[in-house]
Amino acid sequence: MSTFSDQESNEPAATLWRDGRPVYDRGGTVCVIGAGASGLTAIKNLKEYGFGVDCYERETGVGGAWNWRHDRSPVYASTHLITSRPFTEFPDFPMPDSWPDYPHHSQLLSYLEHYADHFDLRPHIWFGTEVVRVEPAEGDRWDVTTRSTGGYGAERTSRYAAVVVANGHNWAPKMPAYEGLDEFRGKVIHASAYKDATQVRGKRVLVVGAGNTGCDIAVEAGQQAARCWHSTRRGYWYAPKYALGRPADQVNDSFGLYRLPLRLRQWIFQWVLNLTVGDLTRFGLSRPDHRLFETHPIVNSHLVYQLGHGTINPVPEIGRFRRNSVTLVDGRELEPDLVVFATGYLPRFEFLAPELLGTDASGRPALYLNAFPRRHPTLTVAGLLQPDSGLLPLVHWQTVMIARWLRLREAAPERARAFAGRIDAEAGNRWHSAKVKESTRHWFEIGHIDYLRAVQRTLDELEVAA
């Protein structure tokens, strides 16, 4: 078996065969699936560790979810980051100091495009090409079958030394099931189809779901709709974007770095929320049934403003749908023109057999550090994280870790076997000091400080002597 190559070969690929179809051998090249933020930093870090890289991107440009021109992008016109600039930027490619604390989505796309150009990543990306299948081959290698996006043209299978899956997890809508939904005559959409305020203007709108997207859409509907109801199943903690005169995530991080006990941090931030937000049950919201940090943070300074002005009407969970109305669990009847389900997304890896990632019956993969499956050492996942901070710095170090792991396998097999044992024992572990809610929304929830400490220990363990 050939080892990982230090340079991408320009020679014609040798042809192998699998099930009667040709397979083009890419030698020691690593395949990256997706050219969003996670895929881009995977290409960049694999290159820096000497690997040849082929990246397949189904769209015609970089940016993934942050390129709102892409079919699968969940971004809407008013989207801004909910994490501040220093906690969102890659550690080796800072955002401009002149940018606001919370950049607009168009700025983040521009940032990713400049990142790709600065590190010369585009020559490694096959745009307009989707991955159809990823199948194990002999020697821990992988056969990756691709075709032009949309199913046009012939399929092509190439053999790679390793695969990094970076196709994102916020593009496959999770639609709820309610009695009578099929007979409802009003319009129903998932938040993934929401793009701007013209869709709610002048309508009676019911927004379902209290995640960050649901709160954003409820705020826009509160400003633009004839009436807005916001339905939530439980109470949540709503954090402002600023606390103590600074972006709230920066305040949170400063306390985390002091290694304060979790209960003390929870007490401090509940005190801060009491000062800045107050008791939201007086507006009709339910009291939270969990402690701070046990669910994904909801960061929205405008929601309380709209609640206080009466433009958003909080309501409980939906009981059922009828032909022209919606019945709530408390018996109230609403007559919305438009229902927006801001009910999240489910991870989908259509090109992989579920057992390759140790996926259980509910669809949740079992991965060590949200990256390494138990049984396949040259198959990894990048960006499958739902952090309490910005994603980009985390996935940068995650992909450095992946690159080091692949190098260690050829440089120090004994050490690699020891690390593989940890993958097997700890796959699926949580990297969060709080007791996080068990729901699909929180499958990949991590505390960024806990996670980065674990990644740093792993980076030290995987380091290969020069």
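Which residues in helix 1 meet which residues in helix 7? Before answering, a reminder to myself that this is a predicted model.

**Entry 1: helix 1 against helix 7**

I went through the helix 1 side and found Ala37, Ser38, Thr41, Ala42, Lys44, Asn45 and Leu46. On the helix 7 side they meet Leu392, Val395, His396, Thr399, Val400, Ala403 and Leu406. Sorted by type, the residues of this contact come out as eight nonpolar, five polar and one charged.

Next I wanted the geometry. Two packed helices are described by the angle between their axes and the distance between the axes. Helix 1 covers residues 37-48, and its axis lies 9 Å from that of helix 7, at an angle of about 40 degrees. That angle makes helix 1 oblique to helix 7. I noted the crossing of helix 1 and helix 7 as right-handed.

**Entry 2: helix 7 against helix 8**

I stayed with helix 7, residues 392-411, and moved on to helix 8, residues 413-426. Their axes come within 6 Å and cross at roughly 130 degrees. That makes helix 7 oblique to helix 8. The crossing of helix 7 and helix 8 is left-handed.

Who makes the contact? From helix 7 I wrote down Trp405, Leu408, Arg409, Glu410 and Ala411. From helix 8 I got Pro413, Arg415, Ala416, Phe419, Ala420 and Ile423. This contact of helix 7 with helix 8 divides into eight nonpolar residues, no polar ones and three charged.

**Entry 3: helix 7 against helix 9**

Is helix 7 roughly parallel or oblique to helix 9? I looked up the numbers: helix 9 is residues 448-462, and helix 7 packs with it at an angle of about 25 degrees, with the axes 10 Å apart. Angles under 35 degrees count as roughly parallel. So helix 7 is roughly parallel to helix 9. I put this crossing down as left-handed.

Time for strands. Strands of a sheet pair through backbone hydrogen bonds, either parallel or antiparallel. The sheet I picked is open, with five strands in the order 10-21-11-12-17 and parallel pairing. Strand 10 (187-190) and strand 17 (313-315) are at the edges with a single partner strand each, so one side of each has no neighbour in the sheet. On average, neighbouring strands of this sheet are turned by 20 degrees against each other, direction ignored.

I then followed strand 11, residues 204-208, which runs parallel to strand 21, residues 338-341, with four bridges joining them. Which residue in strand 21 is the bridge partner of Leu206? I found Val339. Strand 11 also pairs with strand 12, in the parallel sense, over five bridges. There, Val208 has Ser231 of strand 12 as its bridge partner.

Strand 11 has four of its five residues buried, so the rest of the structure largely encloses it.

I picked Asn252, which sits in helix 4, residues 248-257. Is Asn252 buried or exposed? Buried means under 20% relative accessible area. Asn252 has 13% relative accessibility, so it counts as buried. Setting aside neighbours within four places in sequence, I found Asn252 in contact with Arg265, Phe269 and Phe293.

**Entry 4: two loop residues with positive phi**

Asp140 is in the loop between strand 6 (129-137) and strand 7 (141-148). Its phi is near 60 degrees, a positive value in a residue other than glycine. Asp140 counts as partly exposed because its relative accessibility is 35%.

Asn370 is in the loop between strand 22 (367-368) and strand 23 (372-373). Asn370 also has a positive phi, near 55 degrees, and is a residue other than glycine. At 8% relative accessibility, Asn370 goes into my notes as buried.

Definitions and conventions: Residues numbered from 1 in each chain as written. Predicted model: local features only at pLDDT ≥ 70, side-chain atom pairs only at ≥ 80, totals over all residues. Heavy atoms only, no water. Axes fitted to C-alpha atoms, helices over the stretch in contact; angles between N-to-C directions. Parallel < 35°, antiparallel > 145°, perpendicular 65-115°, else oblique. Left-handed = near helix turned anticlockwise from the far one by under 90°. Contact = heavy atoms within 4.5 Å. Nonpolar A, V, L, I, M, F, W, Y, C, P; charged D, E, K, R; others polar. Pairing = 2+ DSSP bridges. Buried < 20%, exposed > 50% of the residue type's maximum accessible area, 1.4 Å probe, protein only.
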